[in-house]
Amino acid sequence: MNAAIITFPGTNRERDMALALRAATGRRPTMLWHRETALPSGLDLVVLPGGFSYGDYLRCGAMAAQSPIMAAVRDFAARGGHVLGVCNGFQMLTEAGLLPGALLRNASLRFLAMDCVMRVERADTPYTAHFQRGATFRATMAHGDGNYFCDAETLARLEGEGRVVFRYEGENRNGSIDAIAGICSANARVLGLMPHPENCVDPLVGGTEGLPIFTSIAAHVAA
Amino acid sequence: MTKLRVTVFPKAGVLDPQGKAIERALSGLGFEGVGEVRVGKVMIVEVSETDPTRARAQGEDMARKLLANTVIESFTVEPA
């Protein structure tokens, strides 16, 4: 799988993401600075990693969504390319209009740095085929603005089309509507989620419960 | 040069946890009869456009594209 990770000023999870992709595919992803205006040809996956791009100025992900590279990412998605956004990357995807809704300040107003449990609602997406539907797995979260929100009409559409891929199991700490932790585009190729599966890919450091996301997408693009 | 004041607020029905926290803190300080508190942002934007109508239209375009996220926020643009 040819993957590229896009980095912005303030991105800080790109190395974890690179390790996760390498663990799943054996290949190093390309690292791309946000000032680039084109994506390398032959790319299978674009990843928008976590962090605090532009210091979360204005709104989380708002400035990054206007970066030069994002026009190319939009084109890539429009052509059916796979795009994964984690944490700040999920915020960028909503700000860029590639996924609906928005991520609000956590209902508790507290930054949440802890483990959470996610339930897999769809096991038929490119990112979740290596999970069983309904399975739960542990991931880490580290965010101040992870409270997923959308209007009632959008929520009905997301739920009706089965686009909620992950939900928080047990306590819904950030206050997300319908306990939504991750959603996908109508074609299921653009996925955004708040928790960090890339931090759960190594048995020596926190276990491997997040690895199926990366092996799933790698197997999907190889098929 | 025209100065525009762009005011951005969470839409009605969108949770405003900062507003809620301030509401509780004001009551905690002994202020009686505090109702709902909403927290928004004010941005002053200078533009070279001198025609007020055109300057305002430009400000509204800026708000729609970047200054506000219309999924969760409403905005007003007026001369500053």
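## Stop 1: a pair of hairpin strands

Select strand β11 (residues 190-193) of chain A together with β10(A): the two pair in the antiparallel sense over 3 bridges. Strands here are DSSP runs (E, at least two residues), helices are runs of H or I with at least four residues, and both are numbered from the N terminus; two strands count as paired if DSSP finds at least two bridges between them.

Before going on, a word on what you are looking at: this is a predicted model, in which local features need pLDDT of at least 70 and side-chain atom pairs count only at pLDDT 80 or more, while totals for chains, interfaces and linings use all residues. Residues are numbered from 1 along each chain as its sequence is written, chains are lettered from A and ligands numbered from 1 in the order in which they are written, and side-chain values use heavy atoms, with hydrogens and water left out.

Now click on A:I183, whose bridge partner in β11(A) is A:G192. The hairpin of β10(A) and β11(A) has 5 residues between the strands, and there A:A188 takes a positive phi near 65°.

Look for A:F166, which stands opposite A:G182 in β10(A).

Is β10(A) buried or exposed? In strand β10 (residues 180-184) of chain A, 5 of the 5 residues are buried, so the strand is largely enclosed by the rest of the structure. Buried means under 20% relative accessible area, exposed means over 50%, and partly exposed lies in between (1.4 Å probe, protein chains only).

## Stop 2: a covered helix

Select helix α3 (residues 88-95) of chain A, where 8 of the 8 residues are buried. Among them are A:F90, A:M92 and A:L93. What do the buried residues of α3(A) pack against? Show β3 (45-48), β4 (82-86), β5, β8, β10 and β11 of chain A, and you have the elements they pack against; contact here means heavy atoms within 4.5 Å. After the helix comes A:G97, with a positive phi near 80°.

## Stop 3: a network of salt bridges

Show the side chains of A:R119, A:E121, A:E159, A:R167 and A:E169, which are linked in a network of salt bridges. A salt bridge is a side-chain nitrogen of Lys or Arg within 4 Å of a carboxyl oxygen of Asp or Glu.

Start with A:E169 and A:R119, whose closest N and O atoms are 2.4 Å apart. A:E169 sits in the loop between β9 and β10 of chain A and A:R119 in strand β6 (residues 112-120) of chain A, so this pair ties together parts that are 50 residues apart in sequence. A:E169 is partly exposed at 32% relative accessibility, and A:R119 is partly exposed at 24%.

Move on to A:E121 and A:R167, which meet in a salt bridge of 2.4 Å, N to O. This pair links distant parts of the chain, with A:E121 in the loop between β6 and β7 (136-143) of chain A and A:R167 in strand β9 of chain A, 46 residues apart. A:E121 is buried at 16% relative accessibility, and A:R167 is buried at 14%.

A:R167 also forms a salt bridge with A:E159, the closest N and O atoms being 2.9 Å apart. A:E159 is partly exposed, with a relative accessible area of 27%.

## Stop 4: a serine in a helix

Select A:S216 in helix α5 (residues 211-222) of chain A. This serine is buried, with a relative accessible area of 2%. Its side chain reaches the backbone nitrogen of A:H130 at 2.9 Å and that of A:A129 at 3.3 Å. Leaving out residues up to four places away in sequence, A:S216 touches A:P126, A:Y127, A:T128, A:A129 and A:H130.

## Stop 5: where the chains meet

Finally, colour by chain and look at the contact, which takes 15 residues from chain A and 16 residues from chain B. Across this interface, find the 1 salt bridge: B:E73 with A:R59, the closest N and O atoms being 3.7 Å apart.

Technical notes: A polar contact is a pair of N or O atoms within 3.5 Å; within protein, one must be able to donate a hydrogen and the other to accept it, and residues adjacent in sequence count only if both atoms are side-chain atoms.
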